[in-house]
Amino acid sequence: MPDPERPEPAGYDPVGPRPKEAVSPTGQGGPMDLALDEAESVEGIEKTAGPGAGGPRERPRSLWSDAWHQLRRNPVFVISAALILFLVVISIWPQLIASGDPLQCDLAKSQQGSAPGHPFGYDTQGCDVYTRTVYGARASITVGVCATLGAALLGSALGGLAGFFGGWGDSLLSRVADIFFGIPVVLGGLVFLSVVTSTTVWPVVGFIVLLGWPQIARIARGSVITAKQNDYVQAARALGAGNARMLLRHVAPNAVAPVIVVATIALGTYIALEATLSFLGVGLRPPTVSWGIDISNAASQIRNAPHMLLWPAGALSITVLAFIMLGDAVRDALDPKLR
Amino acid sequence: MLLEVRDLHVEFKTRDGVAKAVNGVAYAVDAGETLAVLGESGSGKSVTAQAVMGILDVPPGRIAGGEILFKGRDLLKMKEDERRRIRGAEMAMIFQDALSSLNPVLTVGKQLGEMYEVHRGMSRKDARAKAVELMDRVRIPAAKQRVGDYPHQFSGGMRQRIMIAMALALEPSLIIADEPTTALDVTVQAQVMDLLAELQREFNMGLILITHDLGVVADVADKIAVMYAGRIVEAAPVHEIYKAPAHPYTRGLLDSIPRLDQKGQELYAIKGLPPNLLRIPPGCAFNPRCPMAREVCRSDVPPLYPVTESPVARASACHFWKECLHG
Amino acid sequence: MAEPLLEVKDLVKHYPLTQGILFRKQVGAVKAVDGVSFGLHAGETLGIVGESGCGKSTVARMLVNLERPTAGSIAYKGEDISRLSGRALKAVRRNIQMVFQDPYTSLNPRMTVGDIIGEPYEIHPEVAPKGDRRRRVQELLDVVGLNPEYINRYPHQFSGGQRQRIGIARGLALQPEIIVADEPVSALDVSVQAQVVNLLEKLQDEFDLSYVFIAHDLSIVRHISDRVGVMYLGRVVEIGTDTEIYEHPTHPYTQALLSAVPVPDPQARAHRERIILSGDVPSPADPPSGCRFRTRCWKARDRCAAEVPLLAVPEVFPSGPAAHPSACHFAAEKRVVPHVPPEGPGGGAEQDTD
């Protein structure tokens with residue numbers, strides 16, 4: 001389907017009728033003299049619009065509200081958003097669905113299967129797998145959200161500025177980003193995080209931001225460069241607009257969509273990365289409850305007690321999937337090329 | 001008759017409903033003849049051509065009715081592989097944007113030669129020789145040296161010549177040129193149009209020229225079909241239509257273009273905008289913009305009336321064609 | 001003649017071609033504009049025509065200070081504005097505004113029409129007090145023939161012609177004296193082009209504007225312009241009033257250009273002489289020596305390769321309509337546009353060399 005925003009030379013007939021232009025409804029554009037005669041001009045509008053279009057007045061629709069409208073009708077978005085909402089709620093208030101304490105364990109029940117009130121059974125330490133799985137969401141969501149926010153803010157600020165101003169700063173940033181791209185994620189994690197002793201989530205968040213920002217910066221830089229070449233940015237400059245206005249009013253709003261898409265998809269992969277690092281013993285550490293730690297503990301027992309692995313791993317997969325699906329849906333809604 | 005389109009209807013499914021892009025178009029081209037199809041964007045001129053070529057995007061497009069007779073046979077009833085054999089060999093198309101119509105990773109010699117390899121089963125070496133011959137034919141200088149060049153190494157005018165060479169390769173009997181010179185500069189445009197007209201005479205081909213440029217039409221066409229909102233509103237030999245248009249839309253178009261050869265006063269401007277194809281006005285589609293519109297225009301769709309006063313065959317889809325012709 | 005409102009002298013814009021990744025070294029330059037001079041008087045429309053790559057858009061961008069010239073000057077009311085910056089530049093921008101070619105990319109899709117047309121007032125708050133802005137924007141919409149109620153709509157809800165009107169309204173907001181229009185109608189449908197051309201003419205009368213109208217369509221340029229400059233490969237080759245250029249062209253390039261324009265009159269087909277140029281426009285990175293048109297010119301001789309022809313009234317034409325600046329060593333009048341009776345006298349003696 002042709003993109004409504006694409007410029008078209010005169011007389012060029014696209015493959016199909018242009019939907020957006022075709023629907024621009026109460027179209028006027030009447031002859032010049034209409035402008036002089038207000039009454040006639042209004043009449044001209046109705047005439048031009050023809051029946052059907054004269055009826056319901058079209059409301060102003062921004063591209064954002066268009067995107068939202070489309071998102072709402074996308075089942076992928078509805079399912080993934082519902083899942084994510086659920087995950088966020090239980091990561092804030094795990095007590096809502098799990099009454100137990102994830103750290104209260106009874107060694108006597110080590111590796112036992114499901115029992116009444118303990119549907120997922122017990123792990124090696126005798127802790128309730130259900131409670132731990134529910135509480136594990138908090139670590140994953142916190143790391144995912146914080147790391148994504150950090151990487152997106154840092155990446156889009158650096159990438160955006162580099163793309164907008166160009167010059168040596170741009171070259172420098174691109175080379176630095178290349179260096180960060182060269183760091184092997186797992187190896188880097190093993191090296192950096194093994195020297196940290198903190199048991200909070202912040203070292204992990206910091207590490208992921210450190211590795212994640214170049215990806216966002218690249219996307220932001222590219223989309224800022226595309227956006228700043230548009231005539232409306234030149235028009236603003238011809239009006240005397242300063243750099244701040246051009247960047248914030250004209251470039252950023254038109255360059256942010258790809259960043260949002262990439263960041264949403266990255267969120268899922270960051271959650272998986274946290275689990276990977278925790279699995280390797282350099283991510284989160286007990287007493288923090290994390291799916292990665294639980295998977296790590298369960299891995300050696302997979303033959304005796306597969307349920308210990310199944311539940312946290314399943315929760316992790318569903319969470320990652322939900323964010324990636326959300327990213328896909330957002331891309332469909334924001335990326336005009338796919339429309 | 002080489003090609004005859006009868007009562008063709010094409011629709012497009014869009015998010016907001018069904019857009020009626022072509023609503024009963026009929027035209028015919030004979031060998032050696034040039035038919036210009038004139039219209040603005042959204043008039044259905046390109047969609048009609050795509051339907052004839054069989055390159056319509058289906059879906060969202062759909063041919064809702066009509067016949068396309070090529071040498072007496074209905075193309076719409078043919079099997080796809082049969083149509084594919086006709087496409088390229090019997091009828092060919094030239095597009096506006098030569099750069100995006102040529103494959104950027106293959107040399108032009110390869111792309112030209114491929115036509116012969118695929119359709120004629122020639123060897124690679126013979127095909128390449130043929131390619132050089134074709135490039136000579138469309139007057140590309142130093143064809144022998146340039147046959148190994150890639151499309152981006154040619155200028156816009158040269159690329160359009162290569163497109164023409166490609167269309168001519170298998171000596172088709174019908175060529176459809178969709179805005180072939182719109183993207184080119186005037187001096188180059190003249191070269192390319194001249195070449196096209198000359199080759200058409202030489203091979204006695206039928207040519208359908210799709211354009212929005214009244215000047216180009218006046219220069220090369222024999223007859224002309226003016227399209228508006230998916231219908232032909234006027235059809236006539238080119239001399240007649242410029243002398244005395246029989247449809248207010250044609251008249252408006254002719255009056256609204258500035259002239260090179262005179263400094264006019266204020267331009268006549270057709271008021272309003274072309275209609276939304278999702279909601280074509282009832283009656284005559286042009287009625288909201290027409291200075292002559294009356295009650296009947298808002299209720300009855302005008303058929304293509306024969307203009308009986310004319311010594312040559314011509315037609316106008318206006319209830320008041322007589323007034324228009326004399327007005 | 002009074003002092004021109006805008007005077008362009010020897011304007012040059014070279015884009016350096018560089019090589020190397022770490023250490024950029026200049027290996028040449030694209031000579032987009034290479035010594036262009038012209039004047040624009042108050043209330044006048046100067047048309048600039050030429051084919052793609054002739055540098056006409058670059059000239060437009062330098063006039064509105066979107067590009068800095070490599071050399072030369074642009075004097076507005078006697079003051080060189082090409083090297084201003086900061087506050088002084090901002091003040092000058094109020095007086096020279098631009099209308100862009102492509103109505104699909106020249107309006108920010110995330111802003112409402114009211115914000116787009118009102119933005120000039122935010123940048124130059126002294127022009128209109130805050131409470132007054134909405135009313136002014138609605139007035140502007142009305143002036144360009146759009147319904148003032150459309151103020152809250154977004155650009156994608158309009159057609160190409162309507163968008164171009166929005167762009168024109170934005171250009172008018174600061175009440176400039178000069179509007180530089182770069183191909184303002186070439187992206188529009190034929191029937192809509194006339195509307196926009198008429199609008200531009202109406203606005204010129206109403207607001208006493210001067211236009212620099214840049215286009216490749218010679219017919220539209222003739223219609224709207226008082227004077228016309230023809231550009232080829234970064235230089236002006238001929239300049240004069242519309243009658244001088246269209247009916248008494250003396251530069252071979254102008255003649256070829258005019259003869260190539262299809263005229264919407266099938267009668268003219270038979271008895272029109274076409275000058276079909278061979279070849280393509282050379283690359284502006286490596287223009288021919290001497291006269292830049294010589295590689296495609298049927299009159300070219302040795303002198304053309306050795307000596308750059310100056311843009312001056314040719315000596316062979318002391319007076320009459322052919323006596324206007326033309327940059328050709330062998331300037332000769334040749335009528336290429338068919339004569340239409342009611343316009344102009346028969347023209348000078350029809351000289352025709354070669």
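This is a predicted model: local features need pLDDT of at least 70, side-chain atom pairs count only at pLDDT 80 or more; totals for chains, interfaces and linings use all residues.
**Exercise 1.** Work out how C:Gln175 is classed by its C-beta neighbours.

*Solution.* C:Gln175 belongs to the loop between helix H5 (160-172) and strand S7 (178-182) of chain C. The count is 14 C-beta neighbours inside 10 Å. Exposed requires 12 or fewer and buried 20 or more, with partly exposed in between. C:Gln175 therefore counts as partly exposed. Its phi is near 50°, a positive value in a residue other than glycine.

**Exercise 2.** Determine how H11(A) runs relative to H13(A).

*Solution.* Helix H11 (residues 243-279) and helix H13 (residues 306-334) of chain A pack at about 170°, and their axes are 8 Å apart. Angles over 145 degrees count as roughly antiparallel. H11(A) is therefore roughly antiparallel to H13(A). Residues making the contact include A:Ile260 and A:Gly268 of H11(A), and A:Phe323 and A:Arg331 of H13(A). By class, the contact has 15 nonpolar residues, four polar and one charged.

**Exercise 3.** Describe the side of chain C that touches chain B.

*Solution.* The contact involves 39 residues from chain C and 41 from chain B. On chain C, helices H6, H7, H8 and H9 each supply at least two residues. H6(C) gives the most, with seven. The classes on this side are 20 nonpolar, nine polar and ten charged residues.

Key:
Residues are numbered from 1 along each chain as its sequence is written. Chains are lettered from A and ligands numbered from 1 in the order in which they are written. Two residues are in contact if their C-beta atoms, placed from the backbone, lie within 7 Å. Helices (H or I, at least four residues) and strands (E, at least two) are DSSP runs, numbered from the N terminus. Ala, Val, Leu, Ile, Met, Phe, Trp, Tyr, Cys and Pro count as nonpolar, Asp, Glu, Lys and Arg as charged, and the others, Gly among them, as polar. Axes are lines fitted to C-alpha atoms, for helices over the stretch in contact, and angles run from 0 to 180 degrees between N-to-C directions. Angles under 35 degrees count as roughly parallel, over 145 as roughly antiparallel, 65 to 115 as roughly perpendicular and the rest as oblique.
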